[in-house]
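Here's a quick briefing to read with the model open beside you. Keep the viewer handy and click along as the topics come up.

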Amino acid sequence: MSAGASGARRIDGKAFAAGLRARVAGQVAAFHQQAGRVPGLAVVLVGEDPASQVYVRNKGRETVAAGMASFEHRLSADTPTATLLDLIARLNADDRVDGILVQLPLPKGVDEALVLAAIDPAKDVDGFHVVNAGRLALGQPGLVPCTPLGCLMLLEDTLGDLAGLEAVVIGRSAIVGKPMAQLLLSRHCTVTLAHSRTRDLPAVCRRADIVVAAVGRPELVRADWIKPGATVIDVGINRVSTPDGKTRLVGDVAFDDVEAVAGALTPVPGGVGPMTIACLLANTMQAAEARARTP
Ligand SMILES: Nc1nc(=O)c2c([nH]1)NC[C@@H]1CN(c3ccc(C(=O)N[C@@H](CCC(=O)O)C(=O)O)cc3)C=[N+]21
């Protein structure tokens, strides 16, 4: 953590993620000793989306760095849903594979719901299967989506106990917004899940002790939306063009603006993004341990 000119703390997701990856690497070594094998993560990439290729490469590198086995499956964009279902069935049956991640979005023409439903919930390290979403909604143990899990870790590291705090989550996606709201509720926050139809979003946000922005709208959240001292978590990763013809990453929060008002906030890059991959490794470790207990 460092204090900016304004006094807002910059939440260092990159450093926290490095610490988490080191803890996972320690668990991997202990698991290897006991089980006689290392945890394995299979990543399935369909199509040639350049951003997805970068993420998949980073995941593979960090998986291996943590001492786990990485299995990459790259398929062409015109792969039929049936072929994908075949691959998932093989990965479900493969004992070396503890975690299965199908990189989203899938190309048009692939039935995403069908593919995600085919993943064994015990290997669903993204936490996208209805069984894991249902467990989270009911407060039962299960695999939790990596991005909201990473956000929760940063929030608890920054604030300690979250009980009783007002939390506003902007964005109601199945991947971030909804599970984020469930996690905050499990920590006894008063949760508002805001979205594109929310009336007077700035006024709703101004009530919040915690704002989690996950809408994919560059720099939507401005300083006058933020209660002084609030903690702001920026899930947005938006590539925008700059006047000099280059591109840069910006979040859903106008960082320089909000930094003057917030108590603490995450930067983009270096905030939530690195936590997502570290939590993927943590989930793979959790899945391996659970599978070793109940084969
Ligand atoms: N099944 C599935 N699971 C995912 O978790 C998933 C996915 N599909 N599809 C794509 C999104 C995106 N995603 C990111 C992970 C890490 C960074 C990350 O590490 N970002 C760095 C910098 C990235 C850069 O410089 O381009 C940062 O924010 O500091 C970003 C984005 C996971 N996703």
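What distance separates the centres of domain 1 and domain 2, taken over C-alpha atoms? It comes to 28 Å. Before going further, bear in mind that this is a predicted model: local features need pLDDT of at least 70, side-chain atom pairs count only at pLDDT 80 or more, and totals for chains, interfaces and linings use all residues. Residues are numbered from 1 along each chain as its sequence is written.

**Domains**

- The chain splits into domain 1 (36–120) and domain 2 (145–273), with bounds that come from an automatic or database domain assignment.

**Around the ligand**

- The ligand has 16 residues around it, and the closest are L104, P269, G270, G273 and T276. A residue is near a molecule here if its C-beta atom, placed from the backbone, lies within 6 Å of it.
- Two elements give two or more residues to this shell: β5 (99–102) and α10 (272–293). Helices (H or I, at least four residues) and strands (E, at least two) are DSSP runs, numbered from the N terminus.
- α10 gives the most to the shell, with four residues.
- Both domains take part: domain 1 and domain 2 each supply at least three residues to the shell.
- By type, the shell holds eleven nonpolar residues, four polar and one charged. For the count, Ala, Val, Leu, Ile, Met, Phe, Trp, Tyr, Cys and Pro are nonpolar, Asp, Glu, Lys and Arg are charged, and the others, Gly among them, are polar.

- Some background: most residues other than glycine have a negative phi, and most peptide bonds are trans.
- L104 and P105 are joined by a cis peptide bond, with omega about 0 degrees. P105 sits in the loop between β5 and α4 (112–118).
- V268 and P269 are also joined by a cis peptide bond, with omega about -5 degrees. You'll find P269 in the loop between β12 (264–265) and α10.
- H188 isn't a glycine, yet its phi is positive, near 70 degrees. Look for H188 in the loop between α7 (177–186) and β7.
- H188 counts as exposed because it has 12 C-beta neighbours inside 10 Å. The cut-offs: buried means 20 or more other C-beta atoms within 10 Å of a residue's own, exposed means 12 or fewer, and partly exposed is in between, with C-beta atoms placed from the backbone.
- E219 has a positive phi too, about 55 degrees, and it is not a glycine either.
- Is E219 buried or exposed? E219 is buried, because 20 other C-beta atoms lie within 10 Å.

**The sheet with β3, β4 and β5**

- Three strands make an open sheet in the order β4-β3-β5, with parallel pairing. Two strands pair if DSSP finds at least two bridges between them.
- β4 (69–75) and β5 are the edge strands, each pairing on one side only.
- From one strand to the next, the twist averages 15 degrees. Axes are lines fitted to C-alpha atoms, for helices over the stretch in contact, and angles run from 0 to 180 degrees between N-to-C directions.
- Strand β3 (residues 40–46) pairs with β4 over seven bridges, and V46 has L75 as its bridge partner in β4.
- β3 and β5 are joined by four bridges, with V43 partnered by L101 in β5.
- In β5, G99 and L101 point one way while I100 and V102 point the other, and all are buried.
- Helix α2 (residues 50–65) lies across β3 and β4, at about 170 degrees to β3. Contact means C-beta atoms, placed from the backbone, within 7 Å.

**Strands around β8**

- Strand β6 (residues 166–170) runs parallel to β8, joined by four bridges, and V168 has V211 as its bridge partner in β8.
- Four bridges also join β8 to β9, again parallel, with V211 opposite V232 in β9.
- I210 and V212 point one way from β8, V211 and A213 point the other, and all are buried.

**A look at R197**

- R197 is in the loop between β7 (190–194) and α8 (201–206).
- R197 counts as exposed because it has 7 C-beta neighbours inside 10 Å.
- R197 and D157 are 40 residues apart along the chain, and 32 Å separate their C-alpha atoms.

Note on methods
Two residues are in contact if their C-beta atoms, placed from the backbone, lie within 7 Å.
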